[in-house]
Amino acid sequence: MILGVASLAVLGLTLLALKAESRVRRSRHYRARLSGLLEYRTRELRHERDQVTVMLDSIDEGVISLDREGMIRHINPIAAELCGWDPALARGRPWARILQLRHEGSLHMMDTHLDVVLSRGEVVHMANQTLLVARDGSECAIELKASPVRARNDEVEGAVLVFRDISYRQAMIRRLDFQAHHDSLTGLQNRSAFDDALGASLEDGDLHQLLYLDLDFFKVINDTCGHAAGDTVLREIAHLMREQIRDSDVLARLGGDEFAVILYRCNREQALERASRLCSTIADYRYLEDGRQFQLGVSIGLASITGSAPATEVLRQADAACYMAKQNGRNQVHAYHEEDAGLERAQRELQWLPLLQEALEKRFFTLYIQPIESLCRPSSGPYYEVLLRYVNAEGEHMTPAHFMGTAERFGLMPAIDVWVVTEALQVLKSNDGRIEEDAILAINLSGQSLSDMPLRDQLITMIEESGVAPERLCFEITETAAISNLAQAREFIRGIRRLGCSFSLDDFGSGMSSFAYLKELPVNQLKIDGAFVRNLTRDSLDAAIVSAICRICAQMGIVTIAEYVERRELLPALEQIGVDLVQGYGIGRPQPLGGVLLTSGPRRDNGPAASLQG
């Protein structure tokens with residue numbers, strides 16, 4: 001029994017030892033596997049970390065990672081280079097010691113802007129006027145975004161700063177802005193910048209003065225010595241004029257040899273004194289070439305900027321005063337007076353009267369056409385607006401803007417309208433290849449014609465006897481002319497529409513626009529004034545106005561045409577708004593009737609297409 005018990009005890013101990021040994025072996029196996037897994041995962045994490053480091057070091061943007069205390073954990077080479085620090089020295093230092101930020105305008109430090117990233121966990125974006133000051137004191141414009149890094153419990157445990165050098169982009173923007181507002185030859189402000197400055201000066205309520213300068217005898221240098229010499233003279237004259245005015249004043253080159261100066265907070269006597277100094281300075285200037293000496297002069301017109309007259313009127317007054325200075329002997333200053341306006345206008349109109357009368361008799365007029373392109377509806381055929389030009393003795397084609405006032409004052413517009421309609425009907429009837437066989441022509445009618453019932457009957461007879469399909473004619477009338485005598489205009493339109501001709505209401509929006517007039521006038525089309533179209537993609541109010549016009553016209557079955565579409569980039573926006581047709585230099589420039597229509601490129605044409613006949 002004792003032996004049996006002892007044997008059992010030995011056997012039990014043996015079994016326990018075997019079981020313990022098995023557990024030890026399993027434990028070692030598990031530990032070995034766990035150790036292998038940990039080692040493998042560690043290698044993976046190191047590999048991923050190395051990949052992230054390589055990626056951060058390879059990108060073209062500066063990247064800095066911070067811990068929760070704002071100390072730098074990692075800084076890539078781009079960031080280190082922009083900050084002017086060695087990466088090894090930068091690590092472990094406070095970010096504000098390495099990344100010094102200032103506001104470009106005020107030069108105030110902007111460190112506090114990034115504190116909220118670590119303290120509140122907010123994303124910070126610095127896109128404008130942020131300067132990075134490097135260790136050596138050099139500066140560069142940057143765009144920066146700082147984002148918090150959160151732990152699983154959503155606590156902020158660090159941040160990542162990403163920034164890029166935008167100095168080149170900022171320089172390009174400044175260069176483009178300068179080019180957009182300055183004359184490339186003289187460096188002075190250009191016509192666009194001058195118009196903006198003149199408009200602003202009218203709104204501030206102070207008294208300013210405008211000088212309009214036209215160089216005398218400049219053409220002699222240009223013709224004798226060439227345009228390169230002329231350019232040199234313009235640059236030197238611009239420099240001389242700049243020295244004679246205050247830094248706060250505006251000096252602009254309007255074009256050619258014409259300049260303008262805005263003298264801020266200046267009375268007329270002070271302006272006359274400064275203008276006289278400009279005259280003396282330019283009179284003392286000499287241009288020398290090949291032993292020849294050339295002397296110039298300048299005629300200066302002065303007009304006051306008081307805010308009581310619009311910019312166009314102030315500029316016209318100064319221009320008229322400059323004209324009087326030339327008439328009085330050149331190289332002198334003339335201040336505008338009210339009596340000058342009547343004299344200048346009367347002289348201009350009297351000069352044009354015999355020319356227009358002769359043009360009607362000897363056919364010194366010619367016709368241009370400008371294409372009208374369809375956007376949102378199938379076009380029934382080529383569509384053009386007929387534009388009138390006067391051909392002067394030098395062969396220059398002049399727009400009606402030069403002579404329309406004279407023609408209206410002396411009652412010549414009905415005769416001019418009949419001439420245009422006669423020529424247009426002849427073109428459509430002859431089918432001689434000057435225009436497509438199915439083309440539609442839009443012909444402008446003046447306000448004087450619109451109230452002339454005998455003229456209406458004459459036009460009806462002309463159309464019927466021509467044999468031209470009336471559907472190929474569209475008559476354009478201006479909004480102002482139509483509403484000045486609404487009853488007669490309505491009767492005039494209805495009489496011609498019975499033939500099958502259509503009517504278009506031109507320049508809608510330029511006058512006392514009212515949708516109520518559309519209910520009274522039986523028109524087929526409406527032309528939206530170009531003032532609302534030019535900046536449609538930049539001005540939300542213009543876009544809203546055009547959209548409202550299109551919606552109303554769509555309800556009334558009236559086709560809409562956008563005028564002065566000078567850039568084809570406007571077409572998608574106009575199409576989306578619902579404009580049916582478009583017209584302007586971006587679609588096609590006015591070309592002589594019978595010539596090849598050009599959709600781009602400059603052409604010698606004295607002025608853009610104006611209202612009425614061109």
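This is a predicted model: local features need pLDDT of at least 70, side-chain atom pairs count only at pLDDT 80 or more; totals for chains, interfaces and linings use all residues.
Let us begin at the surface, with a nonpolar patch of about 420 Å² that is made by Leu-8, Leu-11, Leu-15 and Leu-18. One of these residues, Leu-15, lies in helix H1, which covers residues 2-58.

The chain has 614 residues, of which 43% are buried. Its secondary structure consists of 21 helices and 25 strands. If we take the contacts between residues at least 6 apart in sequence, 63% of them join residues at least 24 apart.

I turn now to a pair of helices. At what angle do helix H14 and helix H16 pack? The angle is about 10°, and the axes of the two helices are 10 Å apart. Helix H14 spans residues 413-430, and helix H16 spans residues 453-466. Angles under 35 degrees count as roughly parallel, and H14 and H16 are therefore described as roughly parallel to each other. On the H14 side, the contact is made by Pro-414, Val-418, Val-421, Thr-422, Leu-425 and Lys-429. On the H16 side, the residues are Leu-455, Gln-458, Leu-459, Met-462, Ile-463 and Ser-466.

Ser-201 is placed in helix H7, which runs over residues 191-203. Is Ser-201 buried or exposed? Its relative accessibility is 2%, so Ser-201 counts as buried. Setting aside residues up to four places away in sequence, Ser-201 touches His-208, Tyr-264 and Ile-305.

The second residue, Gln-583, is found in a loop between strand S24 (581-582) and strand S25 (591-592). Gln-583 is buried as well, because its relative accessible area is 4%, and buried means under 20%. Which residues is Gln-583 in contact with, leaving aside its neighbours within four places in sequence? They are Gln-370, Pro-371, Ile-372, Glu-385, Lys-527, Ala-562, Glu-563, Tyr-564 and Val-565.

Let us move to the backbone. Phe-217 is not a glycine, yet it has a positive phi of about 65°. Phe-217 sits in the loop between strand S8 (208-216) and helix H8 (218-225), and with a relative accessible area of 45% it is partly exposed. Arg-330 also has a positive phi, of about 70°, although it is not a glycine. The loop that holds Arg-330 lies between helix H11 (311-327) and strand S14 (333-335). Arg-330 is partly exposed, at a relative accessible area of 35%.

Another loop, between strand S5 (130-133) and strand S6 (139-150), contains Asp-136. Asp-136 is exposed, with a relative accessible area of 65%. How far apart in space are Asp-136 and Cys-83, C-alpha to C-alpha? The distance is 8.7 Å, while in sequence the two residues are 53 residues apart.

My last topic is charge. Side chains of opposite charge can pair when their charged atoms come close. In this model the count comes to 26 salt bridges. I shall present three of them.

In one, Asp-183 pairs with Arg-253, and the closest N and O atoms are 3.2 Å apart. Asp-183 lies in the loop between helix H6 (167-181) and H7, and Arg-253 lies in strand S9 (residues 250-255), so the pair ties together parts that are 70 residues apart in sequence. Asp-183 is buried, with a relative accessible area of 13%. Arg-253 is buried too, at 14%.

In another, the side chains of Glu-122 and Arg-120 meet with an N to O distance of 3.9 Å. Glu-122 is partly exposed, with 35% relative accessibility, whereas Arg-120 is exposed, with a relative accessible area of 59%.

In the remaining example, Arg-246 and Asp-249 form a salt bridge at 2.8 Å, N to O. Arg-246 is partly exposed, with a relative accessible area of 29%, but Asp-249 counts as buried at 4% relative accessibility. Beyond such pairs, salt bridges that share partners join Glu-61, Glu-143, Arg-164 and Arg-169 into one network.

Key
Residues are numbered from 1 along each chain as its sequence is written. Side-chain values use heavy atoms; hydrogens and water are left out. Helices (H or I, at least four residues) and strands (E, at least two) are DSSP runs, numbered from the N terminus. Buried means under 20% relative accessible area, exposed over 50%, partly exposed in between (1.4 Å probe, protein chains only). Contact means heavy atoms within 4.5 Å. Patches are made of residues with over 30% relative accessible area and no salt bridge: like charges are joined within 9 Å, nonpolar side chains (Val, Leu, Ile, Met, Phe, Trp, Tyr) within 5 Å. Accessible areas come from the Shrake-Rupley method with a 1.4 Å probe; for residues, only the protein chains shown count as cover. A salt bridge is a side-chain nitrogen of Lys or Arg within 4 Å of a carboxyl oxygen of Asp or Glu. Axes are lines fitted to C-alpha atoms, for helices over the stretch in contact, and angles run from 0 to 180 degrees between N-to-C directions. Angles under 35 degrees count as roughly parallel, over 145 as roughly antiparallel, 65 to 115 as roughly perpendicular and the rest as oblique.
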